[in-house]
Amino acid sequence: MALIQTHFPLLFVLLILSLLPLSPSSPATIHDLLRSSGLPAGLFPKAVKSFSLSQTGLLEVQLDGPCLTKFDTMAFYESVIRANLTYRSLSAVEGLSQEELFLWLPVKDISVNDPKSGLILFDIGLAQKQLSLSLFEDPPDCKPDQGVLMKRGGKGKGFGAQR
């Protein structure tokens, strides 16, 4: 009995430690997750409602609603954006489009091949576009769509009133 009393603080600490998870805690925000994955934090807007990352790497990001922002050109986020997340890459992106020459083109892949280059690569199907990583350092504000961008069949079309 005396042995238990003298070692009670140690046993209590060991019990508490055994209840703690062994894996590191998950990132607090989508922006933290992006940084820890070798991507810039500003790929998603500030107002992310929630996000989930499956064990297979499927990332799902929920926004309050569709919205528009500007990097070098206008970008349109749907309410839900999905992509496969690997280190320095988002592939098979769904729910993100960029305006190019008055057309809205879906972003298919985003990658940072060489962080030292200071460039990020956007695959928009017809072309690959290199942009400065500095454009994506901080999460952007995103304005509600409010019907400015008319959508047909999952592809954005038209954008005139808000330039």
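Colleague: What makes Phe 71, Phe 122 and Phe 136 a cluster?

Modeller: Ring pairs link Phe 71, Phe 122 and Phe 136; rings of Phe, Tyr and Trp (its six-membered ring) pair if their centres lie within 6.5 Å. By this rule there are three aromatic pairs. Bear in mind that this is a predicted model, where local features need pLDDT of at least 70, side-chain atom pairs count only at pLDDT 80 or more, and totals for chains, interfaces and linings use all residues. Residues are numbered from 1 along each chain as its sequence is written, and side-chain values use heavy atoms, without hydrogens and water.

Colleague: Why is the pair of Phe 71 and Phe 136 called tilted?

Modeller: The centres of Phe 71 and Phe 136 are 4.5 Å apart, with 40° between the planes. Planes under 30 degrees apart count as stacked, over 60 as edge-to-face and the rest as tilted, so 40° makes this pair tilted.

Colleague: Why do Phe 71 and Phe 136 count as buried?

Modeller: Buried means under 20% relative accessible area, exposed over 50%, partly exposed in between (1.4 Å probe, protein chains only). Phe 71 has 12% and Phe 136 has 0%, so both are buried.

Colleague: And why is Thr 73 called buried?

Modeller: Its relative accessibility is 19%, and the limit is under 20%, so Thr 73 is buried.

Colleague: What makes the approach of Thr 73 to Glu 99 a polar contact?

Modeller: A polar atom of the Thr 73 side chain lies 3.2 Å from the backbone oxygen of Glu 99. The rule asks for a pair of N or O atoms within 3.5 Å; within protein, one must be able to donate a hydrogen and the other to accept it, and residues adjacent in sequence count only if both atoms are side-chain atoms. So this pair qualifies, at 3.2 Å.
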